[in-house]
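User: I am new to protein structures and would like to learn how to read one. Could you walk me through it step by step?

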Amino acid sequence: MRFWVTSGLLVSVFLQQSSLPTGGEAGETPFTLVLGIAQDGGAPQAGSRQHPGWEDAAYRHWTACLAIVDPASRQRWLIDATPDFKEQLHLLDQAAPTAASPGLDGIFLTHAHMGHYLGLAHLGHEALGARGIPVFAMPRMGEFLARNGPWGQLVRLGNIELKPLRAEAPVELNGRISVTPIPVPHRQEYSEVVAFHVQGPHHSVLYLPDIDGWQEWEEAGVLIEEWLRR
């Protein structure tokens, strides 16, 4: 079956015809796992004193994030590194266990707003002390990370390795999965903004966490209905 989650502008669907995997029982077909559905600050956000999530866990949500898992190759990727990185990595470890730490074959970044890259800090010297995690970013996004602290330290110490992306140029993760950045209209103070088209062996996902307006995308010649039909 297909599994849809919508929150704001997040749309996701499994790459396999299966229910949500648990405990590593996902078979051999690649799948996606929704790790968060909230806007940049999570839910409830700081200062939202009347939000029901303070009292009821059912109303608490992590920031939008998607995992891509290939059980056959034991590979795992993230789209976006959110402020909820450690909780989301733990959830991923439960759904698709690995002996490696952090067990990430790459992180794809959509843009430089707080909910999408702050989690990279957990890969640094003060936390995981990761080595050589590939971080896929558009040109301005990569330059922003390399030239600004503390992100530049992650590059200098080899915690992360920046991998350049080009608009609409697919990145082959392995023989079965590819990821293609698709430019979308959204505030670009520090970086480009992209959605990601994830293509699996049988199905695909359009991950689009932020956009200023569907009309602006349509004016650029892109129709969301056409993407969903694919």
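Analyst: Helices (H or I, at least four residues) and strands (E, at least two) are DSSP runs, numbered from the N terminus. The model is predicted, so local features need pLDDT of at least 70 and side-chain atom pairs count only at pLDDT 80 or more, while totals for chains, interfaces and linings use all residues. Residues are numbered from 1 along each chain as its sequence is written, and side-chain values use heavy atoms, with hydrogens and water left out.

User: Is His-197 buried or exposed?

Analyst: Buried means under 20% relative accessible area, exposed over 50%, and partly exposed in between (1.4 Å probe, protein chains only). His-197 has 16% relative accessibility, so this residue counts as buried.

User: What does His-197 contact, leaving aside its neighbours within four places in sequence?

Analyst: Contact means heavy atoms within 4.5 Å. With those neighbours set aside, His-197 touches Ser-178, Val-179, Thr-180, Ile-182, Ser-204, Val-205 and Trp-227. A polar contact is a pair of N or O atoms within 3.5 Å; within protein, one must be able to donate a hydrogen and the other to accept it, and residues adjacent in sequence count only if both atoms are side-chain atoms. The side chains of His-197 and Ser-204 make such a polar contact, at 3.4 Å.

User: How many bridges join E11 to E12?

Analyst: Two strands pair if DSSP finds at least two bridges between them. E11 and E12 run antiparallel and are joined by 4 bridges. The bridge partner of His-197 in E12 is Leu-206.

User: Which residues of E12 are buried on each side?

Analyst: In a regular strand the side chains alternate between the two faces of the sheet. Strand E12 (residues 204-207) is covered on both faces: Ser-204 and Leu-206 are buried on one side, Val-205 and Tyr-207 on the other.

User: What is the strand order in the open sheet of 6 strands?

Analyst: The order is E3-E4-E5-E6-E7-E8, with mixed pairing. E3 and strand E8 (160-164) are the edge strands, each pairing on one side only. Axes are lines fitted to C-alpha atoms, for helices over the stretch in contact, and angles run from 0 to 180 degrees between N-to-C directions. In this sheet, neighbouring strands are turned by 25° against each other on average, direction ignored. Strand E7 (residues 133-137) pairs with E8 in the parallel sense over 5 bridges, and Val-135 has Leu-162 as its bridge partner in E8.

User: Which strands does H3 lie across?

Analyst: H3 lies across E7 and E8, running at about 130° to E7. H1 lies across E3, E4, E5 and strand E6 (106-108), at about 145° to E3.
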